Amino acid sequence: MLTWIVQRSKVFFIIFFMFVIVGVYTFSTLPQREIPEISFNIGTVTTVYPGATVADVERDITNPIESSLSSVDGIEEITSSSAAGISNIVITIEEGENKNQVLSDIRQAVAEASASFPDNVQSPNVNEVSGSTPIVSYHLVSEERSELHHLHDEMTRWKNEVEKLTGVERVTVKGVSSSELLLSFDSQLLGEARIAIPDVISAIEEEFQPTPLGKHTVNEEIVQLKVDNYRDITDVENIFLRQDSDGKPIYIKDVGTVSLQPKKTEDIITIEGKPSISFTAFVKAGEDIPTVDTRVEEKVMELSHALPDTVEIVPYYSQASLVTEIFKGLFLSLAIAVGAVILTASLGLTISGAIAVALAVPTSVLMGLIPLPLAGVDLNQISIIGIIIALGILVDDSIVVNDNIERHFRMGATRMKGVVDGVREIWVSIVTSTLAIVFTFLPLVFLSGGNGAFIRALPTVLITTILASTIVALILVPILRFSIGKRNVKSEKSSPGLLGKPLDLLSNIYADKLLKKASRRPLLISVIGLILTTATLGLAALTPFEFFPAADREEVTIDVTLPIGTTLEDTYETLENITEFLSGDEGVKETSIFAGTGLPNLFNSSLDISGDYTGQIVVRVDRKNQTAQGFIEHWTGPLREEFTDAVIFLETIEQGPPSGAPVTVTITGPALEELLAVRDNLQTKMMGIGAELVLDNIGSPEPTYVYVPIRESLEENGVTINQISEQIRLITDGIPFRTFDDGTKSIDSRIVVDEVVEGNPLDLQEIEIVIPQQGPPLMVPLNELVSMEEAEELQRIPHLNGERSIVLRAFPGDVEDFKSKVTEIVEEERETFTNGEYSILLGGENTDQENFFAEIIVLFIIVILLVYVLIAFQFNSLSMPFLVLVAVYLAIAGAILGLFVTQTPISFLAVMGMVSLTGIVVRNSIVLIDFMEKGRQKGMAVTESVVESGRARLRPIVLTAITSIVALIPIAASGDALFAPLAVTIISGILFSTILTLLIIPMLYIVFVQYMKKEKVTS
């Protein structure tokens, strides 16, 4: 077969050239982003119930929806939060399920549940959480907030224009309020005119939405019929209500006023103390970040020309800038790695061999990129690192093939015979070792959850590039060696390359001195080597651990939660005081405040639960004087001591998928009083063992005014409870009403009666309810119908899978063994439960990490079994694979040693590096043992076979180890907190295993043959 291929070398050159062209095109068109896209199997159901209490929302909205969702297949978990006026339900869909189908079933279930909702409940919104990331964000800044009040319509235009751009999924605008049509009525005038609010609502509805007239045939022509109703806001006050006793018409303007007012704002935003509006665009999945960023920037700059002179647009965040900066460093590392690999490999090769390897490396990489779009992999930090790791591995095949062809040339073989025999002799080992690498990385593709999605690009890139390198090594390299330097084949008998003679000398010393002497005591040397290796593994206990490190960024976010009931203005004032408190830090170069709903998911940060009482501060530190982590460590304590009424949490961007609190405790059961008692007890105990902060998702009871009906008076006056509620609602928040359509846009509307200015207490004696009757209407003060009592009630009721629940999030600070201490506390609390309806579940980031390592162990066992079966097939032996797998044991020990010596933390990617070593290091063992077996098959004694195999294989083993190490040195030296542990792990693992593999594997082979096969060691 190979002879046939070599004879048609020109055709195959064209085929490979076409592959390279396609690879270049694929590389240039792959979307670029900072980190891999992580999709979320999550849906949300949001239902607004205006004016409802927490208990009303739970009873009338949340419970019916959760009950209906219980029959939907494919749901893993349902969490909900019932708050005043709104129900939020989060649904996690099981992995592997058809997300679109499950969401469709959820919508159907929610629609069925909503049929029983009270009349004034708004339609539930069922949405899919897309996981889209912000691509660019701007601040529109002015000296005076009043200059920003009139920009709502302009921001709406910006939002619509930017959302039309290709690649933009949505736009979020914060800090500016829309307008609403406010219909304000005087209860005295309504009473005198004997008009009730339902009459007003009915008259407005009939004007806003008259019955459609359809079409009519006139003179054999079909014409459209319509009634010309009011379309101008100024006309609304002229809506007819009724006639008075004298037959005179009464209009809205006779009993109230109509005005266009700004809605109550949800956010107060400033940057460097100046009022601002936040404008953030989010990118669609699969889009190229720099390309979409350019589109948005051009459009925003175009739109900004219409801004008033008093408003300045300030760029605040650009993912494209980060991507460009990151890729600049990664591509430099990649270029250095390619050059270093080619140079290092060439030092031990002939000129023709060096050319073959130099062409094989980029060809393998570019061919390996072609399948990536089909696998859903783009260019990101993980995939580029995968390519760099692959460089050190993929060159192995070419070096091994080239070296064996070279060996046959040096033995005097002709060009064709040297190429064919050189490949025939080792192709099985090459294919086996390649499959071993594929089997190593393939299980990682199926790693579940966010961690799996985050790392999936790494094994995918390694698999595709290694497969490509095998094809290149077995086809292109032999063709190149046959075609290049045709006239000087016999002159290549001398030691090739600058390192040729030193490597030959080293090979002879290794074979004749080391292996021959060591073979006299193979068992002793093997035992000592394995004992030292095992002892090295113990260094893991002395090596630092960090699952995902903090990113080296300048942003620190400060989450602030004040007591429920705090006004937005007071929340902003507190956030302003915090920024003032931080102003003395010279390392702070910029601050911005997002009071209310918080950040628009910038810097991997947002508020899960928000309101007027919450907010976030973004601090940008000057990295020349300060680090983000250093800022957090310095200021966390002082801020909490200074602002005792606030729950304050500081964090910076973490490199990796989103994570939660280190430890969470979930308490479930029917009675809130019991749940709160358990919560208080656990909080006290966790703080007692040194927890830095313990947060919960329910909060404390807040002040509540309860209006108690005077039943006798209600019956006497014919007043219902609903009329009382409606009257109080009308004078406080008002009642949302049908939207008003002016022909170009829809405007929300609201009705109020005798509106009480916010902040003033309600005087029930001054508030009267109109009771229609014959003659003048009766005006009854509310204090004759209800009495007011002060109480405290919860403002939120959370559920987990339909049961009431409270989740505690614990942050341990510097407490050692915090998880085990919390486990003891939880077990003690469980023992106090006598009712089976209550339960406590321990979880959190630490548990997620434990689950990850458990999954990795399972996958690692699968990897070992796959590699074992593969090697067993090659050598037709059930015991021989154990010799090969010893290299894996040596490599992991070497990785631990390298991490310990450099004090590099054992991290997520360090563990990935250890798993990766399995596929990398078995190659040398497979090829080395294969040579030993073939030597014995030719009649050599065991020792002679071992010595000659070592002599023949030392050169490619050393060269491939050096090239693998050299490829990763730029990453290890970069100091990158995320990828340095990966590079250190693989470098030290390869170095350690290569040195010991060259000694321990041959000795174990001798022991194996001597004791297992009962053969003589020497002839």
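The dialogue below moves from the chain as a whole to one residue and then to one strand.

Trainee: What should I know about the origin of the model and its confidence before I read any detail?

Mentor: This is a predicted model, in which local features need pLDDT of at least 70 and side-chain atom pairs count only at pLDDT 80 or more, whereas totals for chains, interfaces and linings use all residues. Residues are numbered from 1 along each chain as its sequence is written, and side-chain values use heavy atoms, with hydrogens and water left out. The term pLDDT is the predictor's confidence in each residue, from 0 to 100; here the chain has a mean of 83, with 95% of its residues at 70 or more. Over residues 487–493 the pLDDT stays under 50, and for this stretch the model has 11 contacts (heavy atoms within 4.5 Å) beyond four places in sequence.

Trainee: How many helices and strands are there, and what share of the residues is buried?

Mentor: Helices (H or I, at least four residues) and strands (E, at least two) are DSSP runs, numbered from the N terminus, and the chain has 28 helices and 30 strands. Buried means under 20% relative accessible area, exposed over 50%, and partly exposed in between, with a 1.4 Å probe and protein chains only; of the 1019 residues in the chain, 53% are buried. Its C-alpha trace spans about 130 × 80 × 60 Å along the principal axes.

Trainee: How are the two faces of strand 20 to be read, and which strands pair with strand 20?

Mentor: In a regular strand the side chains alternate between the two faces of the sheet. In strand 20, Val663, Val665 and Ile667 on one side and Thr664, Thr666 and Thr668 on the other are all buried. Two strands pair if DSSP finds at least two bridges between them; strand 20 is joined to strand 29 (residues 803–811) by 6 antiparallel bridges, and pairs with strand 30 (residues 839–843) over 5 bridges, also in the antiparallel sense. Val665 stands opposite Leu808 in strand 29, while its bridge partner in strand 30 is Leu842.
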